[in-house]
Amino acid sequence: MSKFFSSKYDALTPYTPGEQPRDSQYIKLNTNESPYETSLKAVEYASKEALKLRLYSDPEVTDLVAKGADYFGVAKDEILFTNGSDEALNFALMAFCDNKTEAIFPDITYGFYPVICSLNNIKYTEKPLKEDLTIDLNDYMNTGKTVFLANPNAPTGIALTLNDVEKIIEGNPNNVVIVDEAYVDFGAESAVKLIHKYDNLLVVQTMSKSRSLAGGRLGFAIGCKELIQDLNTLKYSTNPYNVNRMTMAAGIGALEDDAYMKENCQKIIEVREYTAAELSALGFKMTDSKANFIFAKHDKISGEQLYMELKKRNILVRYFNKPRLTEYVRITIGTKEQMDALITQVKEILK
Ligand code: PMP
């Protein structure tokens, strides 16, 4: 740290991203990327746009906003695209939290929420999940706080029904409820269809997972036009050209190639169920994941040990050095071949 770094960041612990090795020796099951290539249409549109990188990108993201609005059945002023959904989450926190309105989320959830709270100097409450790692709805009634709810949750993969999500939105009429649907395409129900019913609902999604665009950095938020306007105010105050030309073009291609996305999600769901059955036969216990990962533990080996043993065998998974999570590993669903390789190695390790 330099002597110039502001003391306002004294309490800030930055987010630790999963390992991103630069060689391809690993089977990479640690950061919930898609094992399937980006849509060729997205790649083609992005490559054409590369010829125009001399020019700034469109700050209004006009063509992608039109495409996204049409795709999700919302108006153009009800959707905003961002540099990954992390940016949308940060904008939402900046917009809807302050020293009177704090944030609230589960103790076990996406690790970025506490980071953006401390970055923006926002106090937050972490509500413990129940013993079975599900949410207690009663914890989220009349909170008087801005609610961050990942659905499905990370790293458990457990999803709330839309009915329960709606209860939380209804239970906080004077606060914004941000439903982070990064993994929704793998088996949960989206709250997008509720945005015309509730002025306090903001849905955040990403193209990183189901649309194989993690490296493109493209997320979006959908909500009533007033909420979206607030996020736009912050976007224009921090990074007006937040979606670069190639990424915008890739996003359009990815939305047009919807059948490809759905086919990939279906394969991931099937491989997830297959892997879960195999691991369970080996004595693993796991949550009922509706995401593109499995959250599993075994009473013979800790999360960290399994992570290390798999890494020695060129397979990367993720473990969490956090109370209640140390027994688990989070395993991203890859191709069937990758999961078979994982299962073979896990058998060896358990021997
Ligand atoms: N929300 C959740 C729950 C996540 O796990 C992630 C991925 N790390 C994100 C949001 C952010 O994804 P991205 O910025 O790539 O859109």
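F148 is buried, with a relative accessible area of 1%, where buried means under 20% relative accessible area, exposed over 50% and partly exposed in between (1.4 Å probe, protein chains only). This is a predicted model, in which local features need pLDDT of at least 70 and side-chain atom pairs count only at pLDDT 80 or more, while totals for chains, interfaces and linings use all residues. Residues are numbered from 1 along each chain as its sequence is written, and side-chain values use heavy atoms, with hydrogens and water left out.

The place of F148 is in strand β5; helices (H or I, at least four residues) and strands (E, at least two) are DSSP runs, numbered from the N terminus. With neighbours within four places in sequence left aside, F148 is in contact with L89, L93, C97, A103, I104, F105, P106, Y113 and I178, contact being heavy atoms within 4.5 Å. One of these residues, A103, is 45 residues from F148 along the chain, and the C-alpha atoms of the two are separated by 7.2 Å.

## The sheet of seven strands

An open sheet of 7 strands, with mixed pairing, has the order β2-β8-β7-β6-β5-β3-β4; two strands pair if DSSP finds at least two bridges between them. The edge strands are β2 and β4 (124–127), each of which pairs on one side only. Neighbouring strands of this sheet are turned by 20° against each other on average, direction ignored; for such values, axes are lines fitted to C-alpha atoms, for helices over the stretch in contact, and angles run from 0 to 180 degrees between N-to-C directions.

β2 pairs with strand β8 (residues 219–223) in the antiparallel sense over 4 bridges, and the bridge partner of T82 in β8 is G219. Strand β6 (residues 177–180) and β7, by contrast, pair in the parallel sense over 4 bridges, with V179 standing opposite V203 in β7.

Helix α3 (residues 84–96) lies across β2, β3 (103–106), β5, β6, β7 and β8, and runs at about 160° to β7. Helix α4 (residues 112–119) also packs on the sheet, where it touches β3, β4, β5 and β6, and its direction makes about 160° with that of β3.

Strand β10 (residues 293–297) and strand β13 (residues 328–332) run antiparallel and are joined by 5 bridges, and I294 has I331 as its bridge partner in β13.

The axes of helix α8 (residues 258–281) and helix α10 (residues 336–350) come within 10 Å and cross at roughly 10°. That makes α8 roughly parallel to α10, since angles under 35 degrees count as roughly parallel, over 145 as roughly antiparallel, 65 to 115 as roughly perpendicular and the rest as oblique. Where the two helices touch, V271, Y274, T275 and E278 in α8 meet K336, M339, D340, L342 and I343 in α10. The residues of this contact divide into 5 nonpolar, 1 polar and 3 charged, where Ala, Val, Leu, Ile, Met, Phe, Trp, Tyr, Cys and Pro count as nonpolar, Asp, Glu, Lys and Arg as charged, and the others, Gly among them, as polar.

## Backbone features in the loops

Most residues other than glycine have a negative phi, and most peptide bonds are trans. A cis peptide bond joins N151 and P152, with omega about -5°, and the bond from A154 to P155 is likewise cis, with omega near 0°. P152 has its place in the loop between β5 (146–150) and α5 (162–170), and P155 lies in the loop between β5 and α5 as well.

N32, although not a glycine, has a positive phi of about 55°; N32 is found in the loop between β1 (27–28) and α1 (40–50) and is buried, with a relative accessible area of 1%. S212, also not a glycine, has a positive phi of about 50°. The place of S212 is in the loop between β7 (201–206) and β8, and at 9% relative accessibility S212 counts as buried.
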